[in-house]
Amino acid sequence: MNPIIRKLILFVATLWAAVTVNFFIPRLMPGTPGDAALAKLAGNGPINPAQRQAIDATLGVPHGSLVSQYWTYLDNSAHGRFGISYTYFPQTVSSLILHALPWTLVLVGTVTVIAFVVGTLLGVLAAWRRGRAVDTVATVGGTFTSGFPYFWTALLLLFVFAFKLNWFPIKGGYAADVSPNLSLAFVRDAAFHSVLPALTILISGLGGWLLGMRNNMINTLGEDYVTFAEANGLRGRTVALRYAARNALLPNLTAFGMALGLVVGGSLLTEVVFAYPGVGYLLYNAVVNEDFPLMQALFLVITVSVLVANFAVDLLYGLLDPRAR
Amino acid sequence: MSAPQVGLGLGGPAVTGGPAAAPEYGPAALSRLPRPLQVGWRAILTIWANGKARIGIVILAILILAALSAPLIAPYSPTASNFGQSLPPSGAHWLGTTGSGQDVLSRLIFGARVSLFVAFAAGVLSTIIAITVGVFAGYLRGFAEETIGFVVNLFLVIPALPLMIVLATYVPSRGVDVIVLVVVITGWAWGARVLRAQTSTLRNRDFVAAAEFSGERPGRVVFREILPNMTSLVAASFLGAATAAVLGEAGLEFLGLGNPSTISWGTMLFWAQNSNALLTGQWLQILAPGLCIALLATSLSLVNFGIDALSNPRLREGGSR
């Protein structure tokens, strides 16, 4: 079978399975989340039949057979009809997600790329200078910082740079007295607010890339073609970057693809500490308010993004590494 | 250590180096030990020879000792709240007291028990699932292999933290056992994937074919012939799952998805944040538990460096390539 068609079939099957898991989670859980959701929503005023139908389909209030519930759920999910949030009544779940997405995509997306590039370069350096001081500092330091819980890094940065030194704002994605727009002043304000969250994600996330790249690189440096390149008298930098690093990078690309997919889910623990208006903070608010429709929809959106990113990297991998075709 | 352990099956066919090589690594008495114990002892020496792993073992040992002897070394009861509220560090309270008048140091020492328990329980359970699923998926062929592989990949791509949070939110009672369960559900797949890949390469080796031709049942081939050759990968997947469990537990508890009356590092951070400890200048209440979590996670990862060196000689210090 053509490998691309095989991958496509596998992707569609995984997508279907993930969407189905999302359908069954609330139905397998103790209690009836659907009833709780309806009761909370009713507190905001009368529920119209369309809203009720959407909640029933997502959360599994027993009415109709399981098969018909499942079809309604698939239909609603495909069209982005996730019902109404009762934490942010009367906004729809879809509009809430659409408003949170840009914040998360810009912040977490940018930092993920920076962390990957910087971490990978440090990993190359550590492996190339293996056993020297640079390597020990980078490896032990990277191991230590990747053990930092995200929220803990966030709290410490908050305490030092926002609370003690007063250099950066304490919370939020923009100043409280303005509404989001695309003026230069607003963008500058938003960038200013994102410095500490970005630093948090960078500190806690850098180590993983560094360690992964170092291990791949050490293995690649043991290959014959690297020894051959060295024996040919090529400059050290050429051997490290053009010969070894290019090949050592390949296994890390899969992880990078997953990380890019995860961007959509935001950095929940970081966003919570800074009350940053992204997808992670929205999911947290859905969780603490037991806003099940919002929570299920967010989980679905996050999972599907990871799957799509994974699929894209999988296809790309075949182009970059002929051995994997 | 006693002789009957011979039957545990650590000495698989591919473990090289006979008893003759043993004395140069350790005491002379080593060569009199049963072979599996010699193999285990050499493994420990290889891990210990790695400087980073040695630091990890020392940190881990200190944390385990503190957890085991918590009632002896903690200055006060972790639940006593009859001290002044939000006291700064002093001779009586080295790390100060919490907003509800509890001794921070005592809570920190007792908190080690929960974090270590979650790390080991979740690590062991994840590894058992990873071994069972991974080794069978790698050993079986055809439709069964494809199906198990598909399920493993599905669990790998579903994002762990959101799944943990969603699962924990639905469960009404949120004790430590629920946290372990949630962490295991989201954490076993990495180990399964690694073990599956290794099994499918070992499956084609001659000693496996020999075992099959001599009429051994699949279960025996898998557990007695293939598995002993992956001891280091099993250990690595245990440490990986344990590290993820420590951070996962801390995250869930910080978000308030644990039982807030549990005495653990995660709930300490939850209470510190909820009583605005940073704004009232009680920064030690944030720093101390977080640092302990980071140290525990780091020590587990550092030990993993030594284990990597076991399975991959290129990663050994001093570069034996």
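This is a dialogue on reading a predicted model with chains A and B.

User: Where do I start with chain A, and how many helices and strands does its secondary structure have?

Analyst: Start with the secondary structure. Chain A comes to 14 helices and zero strands. Read along the sequence, the pattern is therefore α-α-α-α-α-α-α-α-α-α-α-α-α-α.

User: What percentage of the residues of chain A count as buried?

Analyst: Of its 325 residues, 50% count as buried. Among contacts in chain A with a separation of 6 or more, 73% join residues 24 or more positions apart.

User: Into which domains is chain A divided?

Analyst: There are two entries to note: domain 1 (1–91 + 292–325) and domain 2 (101–288). The contact between them takes 15 residues from domain 1 of chain A and 17 residues from domain 2 of chain A.

User: How is the size of an interface often given?

Analyst: It is often given as the accessible area lost when the parts come together. Between domain 1 and domain 2 of chain A, about 1,500 Å² is buried, and carbon and sulfur atoms give 79% of this area. On the side of domain 1 of chain A, Leu298(A), Ile302(A) and Tyr317(A) lose the most area to domain 2, together 30% of what that side buries.

User: Which classes of residue make up that side of domain 1, and how many salt bridges cross to domain 2?

Analyst: The side of domain 1 of chain A that touches domain 2 has 11 nonpolar, two polar and two charged residues. Across this interface the rule finds zero salt bridges.

User: Now the two chains. How many residues does each give to the contact?

Analyst: Chain A gives 56 residues and chain B gives 50 residues. The area buried between chain A and chain B is about 4,600 Å², with 77% from carbon and sulfur atoms. In chain A, Phe151(A), Trp152(A) and Phe299(A) lose the most area to chain B, together 13% of what that side buries.

User: Which side chains meet in a salt bridge between the chains?

Analyst: The count between chain A and chain B is one salt bridge. The side chains of Arg6(A) and Glu146(B) meet there, at 4.0 Å, N to O.

User: Where is each of them, and is each buried or exposed?

Analyst: Asn166(A) is in the loop between helix H7 (150–164) and helix H8 (184–193) of chain A. Its relative accessible area is 62%, over the 50% cut-off, so Asn166(A) is exposed. Ala275(A) is in the loop between helix H12 (268–274) and helix H13 (279–288) of chain A. Its relative accessible area is 17%, under the 20% cut-off, so Ala275(A) is buried.

Definitions and conventions:
Residues are numbered from 1 along each chain as its sequence is written. Chains are lettered from A and ligands numbered from 1 in the order in which they are written. This is a predicted model: local features need pLDDT of at least 70, side-chain atom pairs count only at pLDDT 80 or more; totals for chains, interfaces and linings use all residues. Side-chain values use heavy atoms; hydrogens and water are left out. Helices (H or I, at least four residues) and strands (E, at least two) are DSSP runs, numbered from the N terminus. Buried means under 20% relative accessible area, exposed over 50%, partly exposed in between (1.4 Å probe, protein chains only). Contact means heavy atoms within 4.5 Å. Buried area is the accessible area (1.4 Å probe) that two parts lose on being put together, summed over both. Domain bounds come from an automatic or database domain assignment. Ala, Val, Leu, Ile, Met, Phe, Trp, Tyr, Cys and Pro count as nonpolar, Asp, Glu, Lys and Arg as charged, and the others, Gly among them, as polar.
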